Amino acid sequence: MIRSFIFDLDGVIVFTDRYHYLGWKELADEEGWRFDQTLNHQLRGVSRMQSLQIILDHNGLEFTSQQKDEFAARKNRYYQALLDGISTDDLYPGAVEFVGRVRSRGLRTALGSSSRNADRVLKALEIDVLFDAVVTGHDLTRTKPDPQIFQLCAQRLGDAPPDECVVFEDAESGIEAALAAGMHAVGVGDAAQLPNAEQVISEYTEIDLDTLIESGRIR
Ligand code: B16
Ligand code: MG
């Protein structure tokens, strides 16, 4: 039986993934680095500093840690400026309704995001109240695909056993983290971009909640 539902934030509850892309794109354009949507896909679920490293490696560039801190801080300023304009139009269609259905069944919900801006997004959209536990980038010492993030979610949900947890993720690194934690996983988005996900939805209405609770399968 699934009793705990764990949701990633960017790309699962809200389309802030497009703002992360635009933030990195602005930095890359200023610096003359190659950066496109394909490379951006590898940054999903990955921490800010590790995302920067992926971009630098792709461009064959090396910098001091001080320079890297400056690049990451600049990207974050661009991202936060975009967050100033965030609204409910940015919510993944059907996501809030689905979390509400889960809660109305008396099941527990957690939010597990690698982002250090997650609390700000949750508050801006007034969706922090939807989650019994919240784990963000501030709580983590290891980034996805390490299972730490989801293990911490389960712990904060009262030591939920992993096989009673299902994780919703838009990132390959996040699916890997969920499976490494011994949890069920549901990919959200484009199945072609999530080769390691056994089951993928593009709409929350594709889920048969009773079947998911019983078996960890979406239908
Ligand atoms: P920040 P998630 C992740 O959030 C994003 O997918 C990833 O693109 C981003 O680099 C990471 O958060 C760190 O975000 O720079 O705001 O701390 O998908 O785990 O909700
Ligand atoms: Mg994500």
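How do the residues of the shell around ligand 1 divide into nonpolar, polar and charged?

1. The shell splits into 4 nonpolar, 7 polar and 7 charged residues. Keep in mind as you look around that this is a predicted model.

2. In total, 18 residues surround ligand 1. If you want to find the closest ones, look for Asp 10, Ser 113, Ser 115, Arg 116 and Asn 117. Two helices, α3 (48-58) and α4 (65-83), each bring at least two residues to the shell.

3. Where does ligand 1 lie relative to domain 1 and domain 2? It lies between them, because domain 1 (4-15 + 90-215) and domain 2 (17-83) both give residues to its shell. The space that ligand 1 takes is the largest pocket.

4. Now for some individual contacts with oxygen atoms of the ligand. A backbone N or O atom of Val 46 is 2.7 Å from an oxygen atom of ligand 1, and a polar backbone atom of Leu 43 is 3.3 Å from an oxygen atom of ligand 1. From the side chain of Lys 144, an N or O atom lies 2.8 Å from a ligand oxygen atom. As for cover, ligand 1 on its own has 460 Å² of accessible area, and the protein covers 97% of that.

5. Stay with Lys 144 for a moment: a cis peptide bond joins it to Pro 145, with omega at about 15°. Pro 145 sits in the loop between β3 (133-135) and α7 (148-156).

6. One more backbone detail to look at is Glu 126, which has a positive phi of about 55° although it isn't a glycine. You'll find Glu 126 in the loop between α6 (118-124) and β3.

Note on methods: Residues numbered from 1 in each chain as written. Chains lettered and ligands numbered in written order. Predicted model: local features only at pLDDT ≥ 70, side-chain atom pairs only at ≥ 80, totals over all residues. Heavy atoms only, no water. Near = heavy atom within 4 Å. Polar contact = N/O pair within 3.5 Å; in protein donor to acceptor, adjacent residues only side chain to side chain. Areas by Shrake-Rupley, 256 points an atom, 1.4 Å probe, with all protein chains shown as cover. 1 Å grid on protein atoms, 1.4 Å probe; cavity = no way out; pocket = protein on both sides within 12 Å on 5 of 7 lines; lining within 4 Å. Sits in = over half its atoms within 2 Å of the grid points. Helix = DSSP H or I, 4+ residues; strand = E, 2+ residues; numbered from the N terminus. Nonpolar A, V, L, I, M, F, W, Y, C, P; charged D, E, K, R; others polar. Domains from an automatic or database assignment.
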